[in-house]
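Me: I have a structure open and I'd like to learn how to read it. Can we take it feature by feature?

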Amino acid sequence: MVRTLDAEEILRDGVLTFFGVPGSPYTRKMAAVLRYRRIPYRMVLGSQVTGNIPMAKPPLLPTFLLPGSDGRLEAVTDSTPLIDRFEREVPHRSVRPLDPALKVIDLLIEDYADEWLTKAMFHYRWAYAADIDKASRVLPTWSRKPMSDEELAAAGAMVSSRQIPRLRYVGSNETTGPIIEASYHRYLDIFEEHLKSHRYCLGARPGGSDFGMFGQLTQLAHFDPTSMAVTMERAPRVYGYTGSVEDLSGLEPEDSDWVEMSDLPSTLLALVAEIGRVYAPLLLANERAIRSGASEVDTVIDGARWTQQPFAYQVKCLGWLRASRDSLSSDDRQRLDRVLRDTGCDALFQ
Ligand SMILES: N[C@@H](CCC(=O)N[C@@H](CS)C(=O)NCC(=O)O)C(=O)O
């Protein structure tokens, strides 16, 4: 008999705990951040716990249990603010650049990974027969107790019938599918070129941007067969990077390991321009749609029509990005603006 963890035990023993699954990019992102930062943790799969645990609303993964203002553990989600909370609580091995202007670029790339690259992740997984088949046969095994073939088949059908209609949330449809794929190809080509001379996105130590990309790549490069083949064909270094970012507990980072704002690699500027080409116009069109109460985002991205459901959460993301730039001193803001000029990302802050 397998002993399951009792909820009471989790609430009592003081170990940093979160619920997640290996098929969730944000779960993988956070586990990798904690490993790199050498913050001890416990990741719990749904089937490993019994009893009443606090639930997040909406119930997203990963869900962390963290003390609230009254000291009692409460459910907390949303990876980027969680990373910043851990930065405040544990100073060593930071994933945020020391230079405040570079820190905004780190946040911008992390947000692109979380909110745009995830479109590619969701699209490849649920738009191609081979990918749907693999996800349906494997995903349920990660969160459930041992199952017979019949039970697994039924669980797989349930997962795919729940996830496929959700393609509309990320905006994957017949009009946008080709835009998403072309953008993933460009991302791979740019990042592959970058990795020819750099270990990580912002130099010789990883930033939040790396963990955001890593989370999506655990699925795109290492799990879903269609995107995995595309990744291997175009970008073997990106495939390898995905393996190494999983556990960077052995890296010894130095303050001087970050790239210099005054001398950013051209490949990093190309990545920022790619974000300006596809993600910035989407964030702005989505903001307009939400503000005007439109039922659909209907815009042009990369020269082609883009339609999707408006997404209130991404207005919040845009707000965080703007707040991070607003918090800069005027000198830092000028250094940032000089880098963003004519990349398309400058439009986010006008
Ligand atoms: N912005 C959140 C996104 C988290 C998220 O979307 N999680 C997905 C799994 S990767 C989820 O839990 N979806 C709900 C479901 O599948 O039922 C973060 O950064 O953590």
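Reply: Two strands count as paired if DSSP finds at least two bridges between them. Helices (H or I, at least four residues) and strands (E, at least two) are DSSP runs, numbered from the N terminus. This is a predicted model, where local features need pLDDT of at least 70, side-chain atom pairs count only at pLDDT 80 or more, and totals for chains, interfaces and linings use all residues. Residues are numbered from 1 along each chain as its sequence is written, and side-chain values use heavy atoms, with hydrogens and water left out.

Me: In which sense do β2 and β5 pair, and over how many bridges?

Reply: Strands of a sheet pair through backbone hydrogen bonds, either parallel or antiparallel. Here β2 (residues 17–19) and β5 (residues 63–67) go antiparallel, over 3 bridges. Look for Phe 19, which sits opposite Thr 63 in β5.

Me: What is the strand order in the open sheet?

Reply: Reading across its 4 strands, you get β3-β2-β5-β6, and the pairing is mixed. β3 (42–44) and β6 (73–76) are at the edges with a single partner strand each, so one side of each has no neighbour in the sheet.

Me: Which strands does helix α2 lie across?

Reply: For this, contact means heavy atoms within 4.5 Å. Axes are lines fitted to C-alpha atoms (for helices, over the stretch in contact), and angles run from 0 to 180 degrees between N-to-C directions. Helix α2 (residues 25–37) lies across β2, β3 and β5, at about 160° to β2. Helix α3 (residues 79–89) lies across β5 and β6, at about 35° to β5.

Me: How is the chain divided into domains?

Reply: Domain bounds come from an automatic or database domain assignment. Domain 1 is 5–89, and domain 2 is 100–123 + 170–249 + 257–349. Their C-alpha centres lie 25 Å apart. The contact takes 18 residues from domain 1 and 21 residues from domain 2.

Me: How much area do the two domains bury between them?

Reply: Buried area is the accessible area (1.4 Å probe) that two parts lose on being put together, summed over both. Domain 1 and domain 2 bury about 1600 Å², 51% of it on carbon and sulfur atoms. On the domain 1 side, Arg 28, Arg 35 and Tyr 36 lose the most area, together 35% of what that side buries.

Me: How many salt bridges are there between the domains?

Reply: A salt bridge is a side-chain nitrogen of Lys or Arg within 4 Å of a carboxyl oxygen of Asp or Glu. The count between domain 1 and domain 2 is 4. Elsewhere on your screen, find Arg 35 and Glu 246, whose side chains form a salt bridge (3.3 Å, N to O).
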